[in-house]
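Here is a briefing on the structure shown below. It starts with one chain and then turns to how the chains meet.

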There are 6 protein chains.
Amino acid sequence: MKAKTAKESLAVQTQVVLPNDTNVMGNLFGGMLLQWMDIVASISAHRHCKRVVVTAAVNNVSFNNPIAHASIVTLQAKVSRAFTSSMEVFIDVWVEDRVSGEKIKCNEAIYTFVAIDQNGSPLPVPELIPETEEEKQRFESALRRRQLSLILAGKLKPENATELRALFIPTK
Amino acid sequence: MKAKTAKESLAVQTQVVLPNDTNVMGNLFGGMLLQWMDIVASISAHRHCKRVVVTAAVNNVSFNNPIAHASIVTLQAKVSRAFTSSMEVFIDVWVEDRVSGEKIKCNEAIYTFVAIDQNGSPLPVPELIPETEEEKQRFESALRRRQLSLILAGKLKPENATELRALFIPTK
Amino acid sequence: MKAKTAKESLAVQTQVVLPNDTNVMGNLFGGMLLQWMDIVASISAHRHCKRVVVTAAVNNVSFNNPIAHASIVTLQAKVSRAFTSSMEVFIDVWVEDRVSGEKIKCNEAIYTFVAIDQNGSPLPVPELIPETEEEKQRFESALRRRQLSLILAGKLKPENATELRALFIPTK
Amino acid sequence: MKAKTAKESLAVQTQVVLPNDTNVMGNLFGGMLLQWMDIVASISAHRHCKRVVVTAAVNNVSFNNPIAHASIVTLQAKVSRAFTSSMEVFIDVWVEDRVSGEKIKCNEAIYTFVAIDQNGSPLPVPELIPETEEEKQRFESALRRRQLSLILAGKLKPENATELRALFIPTK
Amino acid sequence: MKAKTAKESLAVQTQVVLPNDTNVMGNLFGGMLLQWMDIVASISAHRHCKRVVVTAAVNNVSFNNPIAHASIVTLQAKVSRAFTSSMEVFIDVWVEDRVSGEKIKCNEAIYTFVAIDQNGSPLPVPELIPETEEEKQRFESALRRRQLSLILAGKLKPENATELRALFIPTK
Amino acid sequence: MKAKTAKESLAVQTQVVLPNDTNVMGNLFGGMLLQWMDIVASISAHRHCKRVVVTAAVNNVSFNNPIAHASIVTLQAKVSRAFTSSMEVFIDVWVEDRVSGEKIKCNEAIYTFVAIDQNGSPLPVPELIPETEEEKQRFESALRRRQLSLILAGKLKPENATELRALFIPTK
């Protein structure tokens with residue numbers, strides 16, 4: 001299976017926040033943004049592996065600033081690292097100033113997808129080749145996040161999480 | 001501000017998976033479940049603090065088993081710990097066997113909400129009193145998860161994350 | 001077929017009134033509440049009989065007070081009586097005061113469901129055992145409502161509707 | 001206030017049953033039909049009184065035959081009788097045979113609406129003049145249904161429900 | 001195949017503009033109106049040919065006046081001309097003044113549909129008989145519009161578009 | 001007002017066809033695609049003028065091939081020409097082969113938007129500078145389309161539509 005660059009998995013989504021998408025404060029409803037991110041990230045994961053993919057985990061999403069009604073929101077998703085049959089996807093979300101057109105980064109999220117066959121069994125996926133500085137950084141840190149997930153799920157002992165341990169125990 | 005029990009924040013949601021909610025495999029679409037969890041968790045957080053709450057983060061969601069079309073899904077949310085103005089909420093998701101009625105646990109998620117005033121500024125929230133064994137365990141581990149978030153956000157140095165360090169460095 | 005208690009059929013739904021759910025006055029749109037009630041009541045009927053159920057009738061719904069945008073609405077459904085292959089379900093709707101958390105009863109509705117097989121033919125359902133005072137009262141009055149339906153549908157002559165006649169003709 | 005004919009309040013709605021509207025059997029979902037009926041009936045009530053109207057009650061809906069996916073559904077609503085500030089509306093639902101084009105009656109429903117001002121207080125509505133045979137019959141029976149509602153709501157004693165009593169006690 | 005009158009294909013749709021349907025100005029969102037027109041026009045085309053129909057083209061829609069939130073909108077669709085396997089449908093849209101009830105024409109659109117079999121291959125459709133003055137005018141001009149489409153699609157040379165040429169070149 | 005390039009107005013949207021979006025044949029429902037195109041085109045028009053924009057017309061959309069359930073659809077919109085206060089926008093739609101990833105062009109549409117102030121009055125918009133060969137071609141033909149619209153709306157006499165006449169009357 002031929003390895004692929006991160007760039008090849010890029011998926012872009014542009015949305016306008018309509019009344020239908022707002023919470024009781026008149027801002028973009030968190031649950032709606034989670035759904036938009038799930039769709040664009042699943043397209044990115046699909047583009048990497050050309051298989052049916054299903055959401056395996058939402059590893060981290062933070063909502064920093066409220067996104068007002070009528071905002072133009074751009075979501076950009078790219079695979080950050082591929083494991084045996086799973087892919088970690090980063091989603092960056094920008095809001096566009098309606099007058100200057102300037103795009104302000106307002107959210108960052110990490111989702112994990114698994115490639116499956118028609119019976120729902122996992123399928124191998126191609127490796128990912130990071131190219132830009134940011135892609136490389138995300139590729140590196142993906143391993144730490146994976147160890148953390150495995151610890152939290154009780155599938156890895158903290159003492160074996162070498163990448164993660166290094167954060168806490170300075171190597172002499 | 002009077003502390004409250006976890007039980008007082010319980011919010012329950014029962015849903016049927018309709019065609020509208022399914023992905024291309026005919027199972028519950030991940031993005032839809034994320035949205036359902038956001039709503040039920042925000043009701044739970046609101047019940048704890050009686051303020052307008054907004055989603056601050058999705059800390060961890062894992063999708064273990066596909067949930068088929070026509071399934072009956074029960075979501076149960078309870079605040080697991082309150083910090084100055086934020087609340088961590090656990091959401092447990094069960095699917096009901098259509099014949100035996102047995103409920104099978106199929107997802108677990110952790111969301112964080114912040115209480116805000118009409119200008120969007122954070123407001124203090126009551127403390128949480130865990131009562132059952134599970135509530136106490138989730139209350140304890142909430143601190144570790146919070147330290148982890150702060151490290152990931154660059155707001156806490158790993159060496160000061162005492163709770164988390166203990167996982168990796170055995171105390172003699 | 002083993003009879004079941006009303007309690008076993010309880011289904012609970014909690015919703016927030018989002019902009020999407022409001023009418024031109026900014027209150028919860030009647031048609032949306034009817035749809036929410038249909039879903040929660042069908043889950044209750046399903047829990048009683050463990051069969052596919054379809055809505056047979058909406059017998060009575062009254063909308064007393066408008067439910068404002070951003071309200072938290074709790075719907076609770078329980079089977080009130082089972083007939084050969086149909087089940088009458090009561091749905092109680094409460095709105096929660098956003099500050100005190102007090103729940104105010106605002107709607108009451110009665111729906112009827114029929115259990116069906118894959119060809120759409122009716123299937124027998126278990127009997128219902130009422131336990132609380134309210135459950136017993138609703139169980140009793142279900143018979144009068146059924147006679148009334150049959151009269152309205154032209155399937156029962158008023159003079160044979162013994163339960164209902166008693167309301168109008170004082171027994172000496 | 002000038003009385004109006006039933007015909008002037010006619011509202012017509014034609015819909016196609018899309019996947020989004022179906023239940024787990026692939027037929028039109030009861031809750032969706034209830035919502036469609038609510039919209040078309042509210043338009044009819046509005047046309048009668050030219051005021052904002054809100055749903056006051058769903059008096060009777062029966063679902064006789066399942067309506068299959070892809071069906072063309074026609075809903076027709078007309079005010080059947082006006083009281084001080086409320087209007088009873090009949091909704092007739094037809095399904096169209098996709099080959100012959102023949103319309104088959106499949107549902108009949110009765111909703112009640114109230115005309116309100118901007119504070120939600122009831123407003124008087126014009127009287128209704130029935131013209132056709134069916135309109136006259138529905139106009140007559142509306143009084144019996146209203147007495148029944150009042151009895152069920154505990155606002156009228158059965159012995160004072162003269163119209164309804166007549167059904168059960170033969171006048172000599 | 002027996003020719004049919006335009007009247008036989010009439011399809012009517014009445015809608016209320018709910019918050020869900022509005023754009024950032026609080027008026028009916030253009031995309032939503034396009035969707036409503038597509039549904040009502042497809043019903044009209046189906047009524048003409050009694051076959052499954054799919055949208056082939058949107059030839060012309062103009063949005064003249066904004067349609068405010070809470071407006072009552074009536075859409076009326078009728079086949080204007082049938083070709084071998086396609087049908088041109090005119091949709092007229094009216095908004096109703098909420099006080100006087102007067103209907104004001106606010107949009108006019110032309111869609112084209114094709115009748116297809118289960119493999120998606122085109123099927124012949126009956127001819128259309130225009131009766132009223134307006135129906136005849138729309139029937140006549142349909143040919144010019146069709147030539148124009150064919151030219152724009154590069155399937156007809158301008159010099160062979162006799163109907164259309166006549167507009168520009170006065171016949172002596 | 002500074003003229004802008006076509007490239008600056010580019011808006012991209014990627015969607016997956018979910019069950020909710022399909023017609024009775026299981027393919028993407030025409031009305032849904034019209035709505036997606038309206039949103040992405042309005043974002044493009046907004047990016048050109050930085051004003052609130054509303055849909056003024058849908059000039060031409062053709063649906064060539066059915067788009068199957070589960071397809072990945074990419075919509076790309078760019079302003080093709082700006083007039084005093086209106087902008088013509090081209091939308092190109094591609095479907096992605098799920099295995100090869102190859103994008104196949106399947107639709108092309110032309111929408112017109114108008115920039116408005118808070119009272120709904122038209123506002124001037126910047127001129128458009130076409131750069132690529134395709135952008136130049138679309139810029140040129142926009143004038144012909146505009147003359148055609150004006151003739152169809154009865155606002156321009158065919159003999160004054162110089163650009164359009166040239167198509168039919170060969171210049172000697």
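Chain A has 3 helices and 7 strands; helices (H or I, at least four residues) and strands (E, at least two) are DSSP runs, numbered from the N terminus. Their sequence order is β-β-α-β-β-β-β-β-α-α. This is a predicted model, in which local features need pLDDT of at least 70, side-chain atom pairs count only at pLDDT 80 or more, and totals for chains, interfaces and linings use all residues. Residues are numbered from 1 along each chain as its sequence is written, chains are lettered from A and ligands numbered from 1 in the order in which they are written, and side-chain values use heavy atoms, with hydrogens and water left out.

- The C-alpha trace of chain A spans about 50 × 45 × 30 Å along its principal axes.
- Chain A has 172 residues, and 59% of them count as buried (under 20% relative accessible area, 1.4 Å probe, protein chains only).
- Chain A exposes about 7500 Å², with carbon and sulfur atoms supplying 51% of that area (Shrake-Rupley method, 1.4 Å probe).
- Take the contacts in chain A between residues at least 6 apart in sequence: 68% join residues at least 24 apart. Contact means heavy atoms within 4.5 Å.
- Chain A carries 20 positive and 18 negative charges, whose mean positions are 5 Å apart. Lys and Arg count as positive, Asp and Glu as negative; His and the chain ends are not counted. Each charge is placed at NZ of Lys, CZ of Arg, CG of Asp or CD of Glu.

**The sheet of chains E and F**

- An open sheet of 10 strands runs in the order β2(E)-β4(E)-β5(E)-β6(E)-β3(E)-β3(F)-β6(F)-β5(F)-β4(F)-β2(F), and its pairing is antiparallel. Two strands pair if DSSP finds at least two bridges between them.
- The edges are β2 (11-16) of chain E and β2 (11-16) of chain F, each pairing on one side only.
- From one strand to the next, the twist averages 25°.
- Strand β3 (residues 52-63) of chain E and strand β3 (residues 52-63) of chain F run antiparallel, joined by 4 bridges.
- E:Val58 has F:Val61 of β3(F) as its bridge partner.

**Helices across the sheet**

- Helix α1 (residues 30-49) of chain D lies across β2, β4, β5 and β6 of chain E, at about 80° to β2(E). Axes are lines fitted to C-alpha atoms, for helices over the stretch in contact; angles run from 0 to 180 degrees between N-to-C directions.
- Helix α1 (residues 30-49) of chain F lies across β3 and β6 of chain E together with β2, β3, β4, β5 and β6 of chain F, at about 45° to β4(F).

**Chains without contact**

- Chain A and chain D share no contact; their closest C-alpha atoms lie 17 Å apart.
- Chain B and chain E do not touch either, with nearest C-alpha atoms 17 Å apart.

Definitions and conventions: Buried means under 20% relative accessible area, exposed over 50%, partly exposed in between (1.4 Å probe, protein chains only).
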